[in-house]
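I want its overall build first, then its cores.

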Amino acid sequence: MRILILGGTGEARRLAERLVVQGHAVTSSLAGRTTAPRLPSGDVRIGGFGGGEGLAAALHAGGFAMLVDATHPFAARISANAVMASARAGVPLVRLERPRWPRPEGADWIAVDDLAGAAAILPPGATALLTIGRQEVGTFFGRTDCRFVARMIEIPPGLPGDWTAISDAGPFDLEGETALMEMHGITHLVSKNSGGGQTAAKLEAAARLGIPTLMVRRPVLPPARTVARIEDVLALVAESG
Ligand code: NAP
């Protein structure tokens, strides 16, 4: 079967590998945000489609029989485009979405709707560990009364000079996360509720250290057939094949 995977996540990469091994013709699509992405098995295309209509046209042109949205839960625009394009092109869509992180026992979680909400409620003098990627760190630039330690895969240019930037990618473990928070005197953790096991240790570390977590709720996506595991996608492909 010809399958288009909207990717940019570890799950998307692992799914592509499994489908290629099964003999499917897989194309993975990446947005092109990272300069040296880890490329999945199968064909890869990079860059936007030009909205839902462009994606629908690409589904037609490529003769795809299934569209899998395996993008990050906070990549809301492409997920909405996928719903629109699937309907327009008549190509079935399945969304692979990791479950949200539950609040660890005893954790002090403050849920916020977006990063601006997190930036607004940090108390003056806070030392915040930002684990939110690089695209939206600018939201915190105005909080010159706080200290920031920002961990991300690629450090963008233009970070304020007094910020500490750490270039690192998961998986992270509890011991390392605890040491990082202690070493930098972290008073607040800022995170999106991305879910998944690779970066979950920070939540437990913060809970154990009594550090409050400002947790950004997931964006609301238009309804789509949604599964949580790679195996569920493989089962759907097997059914439709
Ligand atoms: P977004 O806001 O939902 O998408 C913005 C635009 O980027 C889309 O309209 C689309 O352009 C293009 N795009 C996004 N994902 C694409 C893909 N897989 N293939 C081709 N075009 C894509 O997305 P975002 O939050 O910037 O995320 C971009 C990518 O980074 C996604 O693939 C996502 O899985 C990955 N990622 C995001 C986060 C996060 O926190 N947002 C974290 C980790 C990884 P057109 O409209 O022109 O098609």
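Predicted model: local features only at pLDDT ≥ 70, side-chain atom pairs only at ≥ 80, totals over all residues.

Entry one, overall build. I counted 7 helices and 12 strands in the chain. I then looked up the radius of gyration, which is 19 Å. The globule rule gives 18 Å for 241 residues, so the chain is as compact as a globular protein of that length. The C-alpha trace spans about 55 × 35 × 30 Å along its principal axes.

Entry two, contacts and surface. I looked at contacts with a separation of 6 or more, and 63% of them join residues 24 or more positions apart. Buried residues make up 45% of the chain. The chain exposes about 11600 Å², and carbon and sulfur atoms supply 52% of that area.

I found 24 positive and 23 negative charges. Their mean positions lie 5 Å apart.

Which residues have the most contacts inside the largest nonpolar core? I noted L122, L130, I132, F140, F148, W163 and V190, in a core of 21 residues. Helix 4 (115-121), strand 7 (127-131), strand 8 (147-152) and strand 11 (213-216) each give two or more residues to this core. I followed V190 further. Leaving out residues up to four places away in sequence, V190 touches L115, A118, A128, L129, L130, T131, I132, F140 and L214. I also found a second, separate core of 18 residues, with I3, L19, V26 and A70 among them.

Notes: Residues numbered from 1 in each chain as written. Heavy atoms only, no water. Helix = DSSP H or I, 4+ residues; strand = E, 2+ residues; numbered from the N terminus. Rg over C-alpha atoms; globule rule 2.2 N^0.38 Å. Buried < 20%, exposed > 50% of the residue type's maximum accessible area, 1.4 Å probe, protein only. Contact = heavy atoms within 4.5 Å. Areas by Shrake-Rupley, 256 points an atom, 1.4 Å probe, with all protein chains shown as cover. Lys, Arg positive; Asp, Glu negative; His and termini not counted. Charge placed at Lys NZ, Arg CZ, Asp CG, Glu CD. Core = buried A, V, L, I, M, F, W, Y, C linked by side-chain atoms within 4.5 Å.
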